[in-house]
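User: Hey, I've got this structure open and I'm a bit lost. Can you walk me through it?
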Amino acid sequence: MEPMICKKDMGCRREVTVGRYLDPFDGFREKEAAFEIRRDEITGVTSRILPYRLKVPQKPDVQTYIDRSPEALCPFCPGLFEKITPRFTPDLVAEGKFKHGMALLFPNAFPYDRYNTVVRFSPQHYVPLPELTPELTLDGFLVCRDYFRRMVELHPELRYCSINWNYMPPAGGGLLHPHIQTVIGETPTRFMQGLCDSAGRYRESEGGNLWEDFIAYEKEQGERFIADTGAVTWLAAFAPKGMAGEVSFFFRERRSIFALTEGDFIELLTGLSRIFAYLEKSNFISFNLALYATIQENDILRVQGKLVPRFVILPLGTSDLNYFEKLHDEIICPVMPEDLCRDLKPWFQD
Ligand SMILES: [Zn+2]
């Protein structure tokens, strides 16, 4: 049997299926609508790619969100922040919070994991997408690294970490005030475990490094390769995890979270700010992001991450999640990844 991920197609599988109906707008003549079911054997994601192009026709009214979330009631704004955000015990950090420049990191009051923290980038309450520049976000990512370093000193058994971002309510952001979250643990999440397993299986069957071969494959294919910027490769995901597509990014040579230099973080955040500018122009106001990494140097998981734009469909505020994604674990995506790549490329050219 052929291995699930082989050099030939790097586990990118697709089949075309046709739906038929009698079209009321064309005298009820039979119409065919072809779509692709894509399976990415590396990530385990299945997406149904619809050939028409999703456009968000109008930008949601951000002012409504701001009106409903005044600074005076915001737990992350100066005033309440000092009073009601949790602190660490002094044995972890004497000051109760980790601080890097203007960013502060503290325990999540609603933890999802044994070690789950929140980072406030700055005192600024609402930061629109185009203002999420490396100047604003860098300290926030560096304070995560400081915290991970301290945690590993105290708990050398920790193995996996992630930095995660729900920006704005359509992406599950519970507060307008921009913040990210970290998770660090001995075991990875199910998705991270899947990435590691894929790389392990690939090494056994093909004898190479999955991430190196996959990036080389995508560059050769050319249709989803957006750009290389410094240590980072940017791709449109073959089988996206979101209805508006997905951008994947890879630190080609970085084998642990601590291998990332400050310059690497700046490179990442500069690339993200290019994507934010594109999202802004395309009427998006929201996204999810995750950065996955191991603590120890290893050859299984190159540091990598994903960004998925999120939206609600007006006028009803219809969710971009549906039964297919929630209950069948497959994503309906009316955006061709190859089109997303083509759209994003100019934003990566100076
Ligand atoms: Zn605030």
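This is a predicted model: local features need pLDDT of at least 70, side-chain atom pairs count only at pLDDT 80 or more; totals for chains, interfaces and linings use all residues.

User: What kind of peptide bond joins Leu314 and Pro315?

Analyst: A cis one, with omega at about 5°. In general, most peptide bonds are trans.

User: Is Phe28 buried or exposed, and why?

Analyst: Exposed, because it has 10 other C-beta atoms within 10 Å, and a residue counts as exposed with 12 or fewer.

User: And what about Asn283, where is that?

Analyst: Asn283 is in the loop between α6 and β12 (286–294). Its phi is positive too, near 75°, and Asn283 isn't a glycine. It has 13 other C-beta atoms within 10 Å, so it is partly exposed.

User: Let's switch to the sheet. How many strands form it, and in what order?

Analyst: 10 strands form an open sheet, in the order β4-β5-β6-β8-β7-β12-β13-β11-β10-β9, with antiparallel pairing. β4 (98–100) and β9 (225–229) stand at the edges; each has a single partner strand, so one side of each has no neighbour in the sheet. From one strand to the next, the twist averages 20°.

User: Which strands does β13 pair with?

Analyst: Strand β13 (residues 304–310) is joined to β11 (residues 247–251) by four bridges, and the two run antiparallel. There, Phe249 stands opposite Gly305 in β13. β13 also pairs with β12 in the antiparallel sense, over seven bridges. One spot to look at is Phe287, whose bridge partner in β13 is Pro309.

User: How many residues of β13 are buried?

Analyst: Seven of its seven residues, so the strand is mostly covered, since 20 or more other C-beta atoms within 10 Å makes a residue buried.

User: Which way do the β13 residues point?

Analyst: Gln304, Lys306, Val308 and Arg310 point one way, while Gly305, Leu307 and Pro309 point the other way. In a regular strand the side chains alternate between the two faces of the sheet.

User: Now helices. What does α3 lie across?

Analyst: α3 lies across β4, β5 (103–107), β6 (116–120), β7 (160–167) and β8 (179–185), and it runs at about 135° to β4.

User: How do α3 and α6 cross?

Analyst: The axes of α3 (residues 134–154) and α6 (residues 262–281) come within 9 Å and cross at roughly 135°. The two helices are therefore oblique to each other, and their crossing is right-handed.

User: Which residues meet there?

Analyst: From α3 you have Pro134, Thr137, Leu138, Phe141 and Leu142, and they meet Glu262, Phe265, Ile266, Leu269, Thr270 and Ser273 in α6. The residues of that contact divide into seven nonpolar, three polar and one charged.

User: Last one. Where's Lys219, and how far is it from Glu153?

Analyst: Lys219 is in helix α5 (residues 210–221). Lys219 and Glu153 are 66 residues apart in sequence and 39 Å apart in space, C-alpha to C-alpha. Lys219 is partly exposed, because it has 13 other C-beta atoms within 10 Å.

Notes: Residues are numbered from 1 along each chain as its sequence is written. Axes are lines fitted to C-alpha atoms, for helices over the stretch in contact, and angles run from 0 to 180 degrees between N-to-C directions. Angles under 35 degrees count as roughly parallel, over 145 as roughly antiparallel, 65 to 115 as roughly perpendicular and the rest as oblique. A crossing is left-handed if the near helix is turned anticlockwise from the far one by less than a right angle, and right-handed if clockwise. Two residues are in contact if their C-beta atoms, placed from the backbone, lie within 7 Å. Ala, Val, Leu, Ile, Met, Phe, Trp, Tyr, Cys and Pro count as nonpolar, Asp, Glu, Lys and Arg as charged, and the others, Gly among them, as polar. Two strands pair if DSSP finds at least two bridges between them.
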